[in-house]
Amino acid sequence: MIPVCRLDDLPAGESVRVDTAPPIAVFNADGELYAIDDTCTHQDASLSEGWLEGCLVECPLHAASFDLRAGRPTCLPARRAVRTHRVTVEDGVIHVHMAAEEGSAA
Amino acid sequence: MRTVTVVGASLSGLYAARELRAQGFDGRLVVVGDEPHRPYDRPPLSKDYLTGAPDEDPPDLTDDEEFSALDAEWILGVRAAGLDPPGRTVLLADGREVRTDGVVVATGASARGLPMPGGRLAGVHTLRTLDDARALRAELTSGPRRVVVGGGFIGSETASSCARLGHGVTVVEAAPLPLVAQLGPEMAAVCAGLHRRGGVELITGTGVAGLRGTGAGAVDGVELADGRLLPAEVVVVGIGAAPNTGWLAGSTLALRDGVLCDDGCVTALPEVVAVGDVARVGGTRAEHWTSATEQPRTAIRNLLAGHTAERLRPLPYFWSDQYGARIQFAGHRLPGDTVRVAEGTLTDGAPDATGFLALYEREGRTAAVLSIDRPRPFTRVRRELACAAGAVGAESTVRADAS
Ligand SMILES: Cc1cc2nc3c(=O)[nH]c(=O)nc-3n(C[C@H](O)[C@H](O)[C@H](O)COP(=O)(O)OP(=O)(O)OC[C@H]3O[C@@H](n4cnc5c(N)ncnc54)[C@H](O)[C@@H]3O)c2cc1C
Ligand code: FES
């Protein structure tokens, strides 16, 4: 469980990048919090810098769009999903629960 | 339409094939490409691929699953040699003929070579194809001195990649500044600053007079028009690209620095459309990745409709990665536009690590936007410009999970 920032510091429409390995992007989509892998599955761009509209984020480099709920791309050029991570708020602080690596013992 | 043939099996050709299927074309789909490879992506070739491991996979644009789902006949490693519209035939260089009802011209462009003696010496490279990138990468491990001729996007990125590999590089640019034609003097000066900051020597305002070779036929120097001689074991020539229209000579299609088509990508013949770097769409020939991916949707709609039912009003966009900085540009720049740095600062003409956003303004309005490492505000302005221009073409019909 990784603390991200205070909920107050992430107003609706904003996003923040968490320097985990790999980095994670956390979004406040109209009050709903989502966390996904920050690096676009197409090439090298940070999705926390993307354009947020509803629960879709558009990659700032070649405009692939990802559904924050499942991580799936909704258009090209991305063809693979980003991982999604669970988000909770405890005592006003946003926390990310990193999805266990596939096949790991976690 | 029972058969459609896409000529050119790269970015715009693949997007055209995808659009054909996404828009319901269930006839015979033939894709002809003269490179032996499946469609791959060119932008990485001057960037990460050049500095990557020798056994790194090529930057594929598709995978096995999509490849089979497209249900196309791929004729790879074979050049189309002619188009005979009355006979509805694409002629192949190996003598075969493909009978077809519709044709998508997606043959792109080829790197220009230096039009002077020495242009074919060993150690002299251009960079357009995967094979070019592999050949160049193999030589970048040896020989200490490199000269890049041309400070355009590919030249600048190549110089940046060479510098990243730890090699001494000199860039020779005939214009007073690199990229001045594309970005204007203010932002071209910033790009010149990136070269210097990256430890690359930049010589501007002088052209190349010739290449000097050893007795063994390998290059060992570049002679400049001002008389200087730059020793070099590897020379990369990045002086632009010419559209691949040679195979269309005598086809009745109008050719003038590209295949002429209307703003719906339709040529003089309604059953022939053109997309990507080879297409002069509504008077403009773009050489950008995003144009090559946006045009096919409209082109295929019009091809299947049999007339120009949809028109493109694109907002040009491109990016470039140089010396760790990501440059993004969108809009229509004209000489004389005022450039204003709206976010971030330039110190001695160079951006700091947090980048900057610059607006090109004309008559009180924003006409174009450039950013270095500021993707968020850049996207905002790009979207505003697209809205203001009523730009069409950003969305593809193809879903990522279409297969
Ligand atoms: C090194 C490099 C870096 C780039 N970086 C960027 C970047 O950072 N940003 C950006 O916006 N753009 C960039 N571009 C530009 C972008 O890659 C092009 O705009 C894009 O590739 C155009 O796609 P296309 O399919 O129209 O043409 P091409 O990619 O040129 O493909 C055309 C294909 O048709 C084949 N062909 C040609 N003639 C025939 C024939 N007679 N018969 C059969 N096949 C034929 C060619 O061999 C080729 O495979 C870069 C290009 C290069 C080369
Ligand atoms: S890097 Fe995200 S769409 Fe290309």
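This is a predicted model: local features need pLDDT of at least 70, side-chain atom pairs count only at pLDDT 80 or more; totals for chains, interfaces and linings use all residues.
**Entry 1: the two chains**

Next I looked up the residues involved. On the chain B side, 21 residues are in contact with 23 residues of chain A. I then asked how many salt bridges the rule finds across this interface. It finds 5 between chain B and chain A. I looked up a salt bridge of B:Arg383 and found A:Glu58 as its partner. The closest N and O atoms of B:Arg383 and A:Glu58 are 2.8 Å apart.

**Entry 2: domains of chain B**

I turned to the domain assignment of chain B. Domain 1 is written in two pieces, 3-110 and 241-305. Domain 2 covers 113-237, and domain 3 covers 317-389.

Over residues 317-386, I read 63% strand and 17% helix.

**Entry 3: domain 2 against domain 3**

I stayed in chain B and compared two of its domains. The centres of domain 2 and domain 3, taken over C-alpha atoms, are 26 Å apart. I found 21 residues of domain 2 in contact with 18 residues of domain 3. Together domain 2 and domain 3 bury about 1600 Å², and 64% of that is on carbon and sulfur atoms. I looked for salt bridges across this interface, and the rule finds 0.

**Entry 4: helix H4 of chain B**

Which residues of helix H4 (residues 130-139) of chain B are buried? I noted B:Leu130, B:Ala133, B:Leu136 and B:Arg137. Seen down the axis of H4(B), the buried residues fall within an arc of 130°, so they line one face of the helix. I then looked up what covers them. The cover includes helix H2 (48-51) and helix H5 (153-164) of chain B. Strand E9 (124-125) and strand E16 (234-237) of chain B are also included.

**Entry 5: A:Ile2**

A:Ile2 sits in strand E1 (residues 2-6) of chain A. Its relative accessibility is 22%, so A:Ile2 counts as partly exposed. Leaving aside neighbours within four places in sequence, A:Ile2 is in contact with A:Val18, A:Thr20, A:Ile94, A:His95, A:Val96 and A:Met98. I also checked A:Cys75, 73 residues from A:Ile2 along the chain, and found their C-alpha atoms separated by 30 Å.

Terms used
Residues are numbered from 1 along each chain as its sequence is written. Chains are lettered from A and ligands numbered from 1 in the order in which they are written. Side-chain values use heavy atoms; hydrogens and water are left out. Helices (H or I, at least four residues) and strands (E, at least two) are DSSP runs, numbered from the N terminus. Buried means under 20% relative accessible area, exposed over 50%, partly exposed in between (1.4 Å probe, protein chains only). The arc is that of the directions from the helix axis to the C-beta atoms. Contact means heavy atoms within 4.5 Å. Domain bounds come from an automatic or database domain assignment. Buried area is the accessible area (1.4 Å probe) that two parts lose on being put together, summed over both. A salt bridge is a side-chain nitrogen of Lys or Arg within 4 Å of a carboxyl oxygen of Asp or Glu.
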